[in-house]
Amino acid sequence: MSAADGGLNELARTLGDIARTLQAEPDVDTTLRAIVKAAVDYVPAATYAGISLLEHGKIRTVEPTSPTVEIIDQLQYELHEGPCIDAITEHVTFRVGDVGHEARWPSFGPAAAENGIHSLLSYRLFVTDKTLGALNLYSDRIDAFDDRTEQDGLLFATHAAIALVGAQREANLSIAVESRDVIATAKGILMERHDIDDASAFRMLVEASQSTNMKLQKVAAWLVENRAEARSL
């Protein structure tokens, strides 16, 4: 077996371990935390890592491995330039070896260097056509990342995106189930209190939602929590 084959096998084992670890995480926050920790552990030369999560058109940093990540990311958000921003908007990977002298980001580059960051790798996190955000790797050394590192990181980012979207779906499903259960409990309270059927109880909840300008689930949750005092419904 050649050294190259051995390296590929080692990478395959590493990625398999990462995939199983991320799949086992119970929620979105824990999954994100596992992603950035594994990125620093497994991607050569990565000093820090963080995820820029895209939500409702806005970007925010989650689970940074160091306060330095928050500083660097915030500079990009405020200046509207940098590898993280471009990875999300242009759908490509950005690798920078000396950001302080990077002409593409004349404001962000020197500011990042002043804060001790010189090399960056930013990967778009996506599944099919859905952009989740970006995985950002930072180093305090110049030219810290090479071609091999970039390719290894790309494979890792792919696993991370799949794990992240899976965790988000699980969270949404959990919220949906919880909402359904609360509404069912509220209907049961109304059915017993007013001796009405399921459809009539649901209609009462809808009318209360409309009159109070509250979401149906919130009205139901309020009724369940305050069933002793809630006699108007």
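# Exercises on a predicted model

**Exercise 1. Phe 202**

Helix 7 is the element that holds Phe 202. Helices (H or I, at least four residues) and strands (E, at least two) are DSSP runs, numbered from the N terminus. This is a predicted model, in which local features need pLDDT of at least 70 and side-chain atom pairs count only at pLDDT 80 or more, while totals for chains, interfaces and linings use all residues. Residues are numbered from 1 along each chain as its sequence is written, and side-chain values use heavy atoms, with hydrogens and water left out.

Find the accessibility class of Phe 202 and the residues that it touches.

Solution. Step 1: buried means under 20% relative accessible area, exposed over 50%, and partly exposed in between (1.4 Å probe, protein chains only). Step 2: the relative accessible area of Phe 202 is 36%, so this residue is partly exposed. Step 3: contact means heavy atoms within 4.5 Å. Step 4: leaving aside residues up to four places away in sequence, Phe 202 touches Ile 183, Lys 187 and Leu 216. Step 5: Leu 216 is 14 residues from Phe 202 in sequence, and their C-alpha atoms are 9.6 Å apart.

**Exercise 2. Helix 7 and helix 8**

How do the axes of helix 7 and helix 8 cross, and which residues meet?

Solution. Step 1: two packed helices are described by the angle between their axes and the distance between the axes. Step 2: axes are lines fitted to C-alpha atoms, for helices over the stretch in contact, and angles run from 0 to 180 degrees between N-to-C directions. Step 3: the axes of helix 7 (residues 198-212) and helix 8 (residues 216-225) cross at roughly 110° and come within 9 Å. Step 4: angles under 35 degrees count as roughly parallel, over 145 as roughly antiparallel, 65 to 115 as roughly perpendicular and the rest as oblique. Step 5: helix 7 and helix 8 are therefore roughly perpendicular to each other. Step 6: from helix 7, Phe 202, Leu 205, Val 206, Ala 208, Ser 209 and Thr 212 meet Leu 216, Val 219, Ala 220 and Leu 223 of helix 8. Step 7: this contact of helix 7 with helix 8 has eight nonpolar residues, two polar and no charged ones (Ala, Val, Leu, Ile, Met, Phe, Trp, Tyr, Cys and Pro count as nonpolar, Asp, Glu, Lys and Arg as charged, and the others, Gly among them, as polar).

Trp 222 is also part of helix 8. With a relative accessible area of 40%, Trp 222 is partly exposed. The C-alpha atoms of Trp 222 and Ala 186 are 8.8 Å apart, although 36 residues separate them along the chain.

**Exercise 3. Two histidines with positive phi**

Where are His 56 and His 80 placed, and what is the phi of His 56 and of His 80?

Solution. Step 1: His 56 is in the loop between strand 1 (48-55) and strand 2 (58-62). Step 2: phi of His 56 is positive, about 55°, although this residue is not a glycine. Step 3: His 56 is exposed, at 85% relative accessible area. Step 4: His 80 is in the loop between helix 3 (67-79) and helix 4 (83-90). Step 5: phi of His 80 is positive, near 60°, in a residue other than glycine. Step 6: His 80 counts as exposed, at 67% relative accessibility.

**Exercise 4. Gly 82 and Val 96**

Is Gly 82 buried or exposed, and is Val 96 buried or exposed?

Solution. Step 1: Gly 82 is in the loop between helix 3 and helix 4. Step 2: its relative accessible area is 0%, so Gly 82 is buried. Step 3: not counting residues up to four places away in sequence, Gly 82 touches Gln 76, Trp 105 and Phe 108. Step 5: Val 96 belongs to strand 3 (residues 94-96). Step 6: Val 96 counts as buried, at 3% relative accessibility. Step 7: with the same exclusion of residues up to four places away, the contacts of Val 96 include Trp 105 and His 118.

**Exercise 5. The whole chain**

How many helices and strands are there in the protein chain?

Solution. Step 1: the protein chain has eight helices and five strands. Step 2: along the sequence, their pattern is α-α-β-β-α-α-β-α-β-β-α-α-α. Step 3: of its 233 residues, 42% count as buried.
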